[in-house]
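Here are two exercises to work through with the model open beside you. Try each task before reading its solution.

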Amino acid sequence: MIEIIILIRLIRIRLVVKFLDKIFSLIIKIFLVAIKQLRENSGLIDREKFIKEAKFMKTFQSNFLVKLIGICTIDEPILVVMEFMENSDLKQFLRKRYNDYMKCRDENLLPSFENIVRMSIEIADGMYYLHSRKIIHRDLASRNCMVNSDLTVKIGDFGLTRDLYERDYYRLSEEMPLPLRWMAPESIRKMIFTQATDIWSYGIVLWEIMSFGEQPYRGKPDFEVKKMITNYQCLQRPFYYFEPL
């Protein structure tokens, strides 16, 4: 799966039509959009799953979930048109801010405490909406949360970004990539996914936010991470943190 961002200038076209002494104005807007496509060599199962996930997103009505605009299945490759989020995903956003900070040690480049709290609440709000509809996310992580121009965070596309961060997934088999470092112990042991396991993943996302996009259990191999999680060994406090938290 390849993410393609199409940048289009915002254009307003005003069409004035005079009919029966009345003027009707039609304003057409061309928006910035994000387009995701399925790999051309993907199998039938991947194709059906991709379409199912896209249609699933179309039903969402929340300010903190990325809006799906439309799906194009007329020809190959299949395209999904989504709301454009100017600051990309939360992981990239945080890493860029931190890298900029490291160059000049200007703390104004880092998200403020208020931003951190607001982002955390927005993700929680989006997850509350999903859970209120009896929907389990299963893959909540900073890479699947998107940031728009005013720094509002919205939960992203439910597996459609998986290929962009392959190293974040542990392969139990060729057909089953798993976000091991974000999984709850019961998910690893028995492949059980519930609202409670989503909340565990949310806790890992909070750690990611506080560490400015660092990978959980960085430097540790998957087998060691798996053992740590199933033994309930917690992540250490991020090296940079806000005292009020």
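Helices (H or I, at least four residues) and strands (E, at least two) are DSSP runs, numbered from the N terminus. The model is predicted, so local features need pLDDT of at least 70 and side-chain atom pairs pLDDT 80 or more, while totals for chains, interfaces and linings use all residues. Residues are numbered from 1 along each chain as its sequence is written, and side-chain values use heavy atoms, without hydrogens and water.

**Exercise 1.** Find which helix gives the most to the lining of the largest cavity.

*Solution.* Start with the term: a cavity is a set of points on a 1 Å grid over the protein atoms alone where a 1.4 Å probe fits but cannot get out, and lining residues have an atom within 4 Å of a point. Next, the count is 1 cavity of 30 Å³ or more, and the largest has a volume of about 40 Å³. Its lining includes R138, W182, F193 and D198. Helix 5 (residues 195-210) gives the most, with 3 residues.

**Exercise 2.** Describe the salt bridge of R181 and say whether R181 is buried or exposed.

*Solution.* A salt bridge is a side-chain nitrogen of Lys or Arg within 4 Å of a carboxyl oxygen of Asp or Glu. R181 pairs with D222, with the closest N and O atoms 3.1 Å apart. R181 lies in the loop between strand 10 (176-178) and helix 4 (185-190) and D222 in helix 6 (residues 222-230), so the pair ties together parts 41 residues apart in sequence. Finally, R181 is buried (under 20% relative accessible area; exposed is over 50%, partly exposed in between, with a 1.4 Å probe and protein chains only). Its relative accessibility is 6%, whereas D222 is partly exposed at 28%.

Technical notes:
1 Å grid on protein atoms, 1.4 Å probe; cavity = no way out; pocket = protein on both sides within 12 Å on 5 of 7 lines; lining within 4 Å. Points joined across faces, edges and corners; volume = space filled by probe spheres on them.
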